[in-house]
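Subject: Structure handover and notes

Dear colleague,

I am passing on the structure we spoke about, with the sequence alongside, so that you can look at both before reading my notes. Please open it first and then go through what follows.

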Amino acid sequence: MNGDPLLRERYERLAARLRAACHAAGRDPGEVRVLAVSKTIDTAGVLELAALGQRAFGENYLQEAQAKIAGCALERPDLALEWHFIGPIQSNKTRPIAEHFAWVHSIEREKIARRLSEQRAPGAPALQACIQVNASGEPSKSGCAPGQALELARAVAALPGLRLRGVMAIPEPAADYAAQRAQFAAVRAVFETLRDAGLAVDTLSVGMSDDLEAAVAEGATIVRIGTALFGPRTRSAQLRPLT
Ligand SMILES: *Cc1c(COP(=O)(O)O)cnc(C)c1O
């Protein structure tokens with residue numbers, strides 16, 4: 001299992017970067033979790049990072065994720081890996097998400113939330129759920145409009161198979177730190193609207209490899225990190241169709 005000689009160095013460098021970002025923001029590093037985004041990374045790569053201590057993994061593509069989740073469970077049944085679904089959700093693809101994941105970050109419609117709740121096995125713990133918000137308001141982007149977030153969050157909170165945890169967003173890549181912070185501030189405002197309305201939210205899932213410092217400064221509690229852990233994804237992998 002020595003596939004990526006740089007993995008440990010990247011893992012340690014990321015931890016140092018995160019500590020520095022928390023320090024700069026006056027926050028406790030224990031408040032921010034790393035979700036390792038393992039899209040395009042194979043089972044061996046996931047297990048290599050798990051061997052360094054990482055437990056939470058994020059996946060965008062359902063078929064790829066299912067194979068990996070099964071592969072990891074087969075090879076290392078002793079490791080309690082926590083799988084998060086972070087990709088777009090089609091309504092005919094909710095069942096495997098409800099069955100195989102601990103978290104879902106990308107709920108943008110009530111219909112999807114209802115299906116996930118109905119399809120969650122009755123004995124299983126609730127599916128931990130974030131609603132995805134399109135804070136920039138651009139019509140092409142995923143996520144509900146900020147003005148619809150409270151209604152969607154209330155609907156999720158009322159479903160027995162789900163537990164509302166908070167808000168996720170994928171802002172536009174921004175040129176500089178100030179622009180990144182402005183976008184994350186808009187997401188944080190949505191999060192605070194939910195909290196102020198009495199919803200028990202504790203999760204702000206924002207920040208990726210290129211903008212985690214700005215996200216931590218604006219209250220991120222989960223940063224979703226791919227490239228800074230696993231290295232650049234290959235071009236062909238980036239062009240994979242969404243499934
Ligand atoms: C790929 C992806 C990430 C990680 O992006 P990096 O820039 O590689 O860190 C985070 N969130 C989502 C939703 C993604 O699709």
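Predicted model: local features only at pLDDT ≥ 70, side-chain atom pairs only at ≥ 80, totals over all residues.

A polar side-chain atom of threonine 227 is placed 2.5 Å from an oxygen atom of the ligand. Taken by itself the ligand would expose 390 Å², and the protein buries 90% of that area. Serine 209 also brings a polar side-chain atom to 2.5 Å from a ligand oxygen atom, whereas for glycine 226 it is a backbone N or O atom that lies 2.8 Å from an oxygen atom of the ligand.

The residues around the ligand are Val37, Lys39, Asn60, Ile86, Ile170, Met208, Ser209, Arg224, Ile225, Gly226, Thr227 and Arg233. Sorted by class, this shell has five nonpolar, four polar and three charged residues. The space that the ligand takes up is the largest pocket.

Next come some loop positions. Threonine 40 sits in the loop between β1 (33–37) and α2 (43–51), and its phi is near 70°, which is a positive value in a residue other than glycine. Most residues other than glycine have a negative phi. Threonine 40 has a relative accessible area of 28% and is therefore partly exposed, since that class runs between 20% and 50%.

Glycine 87 belongs to the loop between β3 (82–85) and α4 (94–100), and with a relative accessible area of 1% glycine 87 counts as buried, because the limit for that class is under 20%. The C-alpha atoms of glycine 87 and glycine 71 are separated by 20 Å, with the two residues 16 positions apart along the chain.

Valine 133 is found in the loop between β5 (127–132) and α6 (149–157), and its relative accessibility of 2% makes valine 133 a buried residue. From valine 133 to arginine 27 the C-alpha to C-alpha distance is 24 Å, and these two residues are 106 residues apart in sequence.

I then turned to positions in helices and strands. Threonine 203 lies in strand β7 (residues 203–205), where its relative accessibility of 3% puts threonine 203 among the buried residues. The side chain of threonine 203 makes a polar contact of 2.7 Å with the side chain of aspartate 202.

Alanine 189 is part of helix α7 (residues 177–196), and at 41% relative accessibility alanine 189 is classed as partly exposed. Alanine 189 and glutamate 12 are 177 residues apart in sequence, and their C-alpha atoms are 32 Å apart in space.

Glutamate 110 lies in helix α5 (residues 110–119), and at 38% relative accessibility glutamate 110 is likewise counted as partly exposed. Between the C-alpha atoms of glutamate 110 and aspartate 4, which are 106 residues apart along the chain, the separation is 41 Å.

With best regards

Notes
Residues numbered from 1 in each chain as written. Heavy atoms only, no water. Near = heavy atom within 4 Å. Polar contact = N/O pair within 3.5 Å; in protein donor to acceptor, adjacent residues only side chain to side chain. Areas by Shrake-Rupley, 256 points an atom, 1.4 Å probe, with all protein chains shown as cover. 1 Å grid on protein atoms, 1.4 Å probe; cavity = no way out; pocket = protein on both sides within 12 Å on 5 of 7 lines; lining within 4 Å. Sits in = over half its atoms within 2 Å of the grid points. Nonpolar A, V, L, I, M, F, W, Y, C, P; charged D, E, K, R; others polar. Helix = DSSP H or I, 4+ residues; strand = E, 2+ residues; numbered from the N terminus. Buried < 20%, exposed > 50% of the residue type's maximum accessible area, 1.4 Å probe, protein only.
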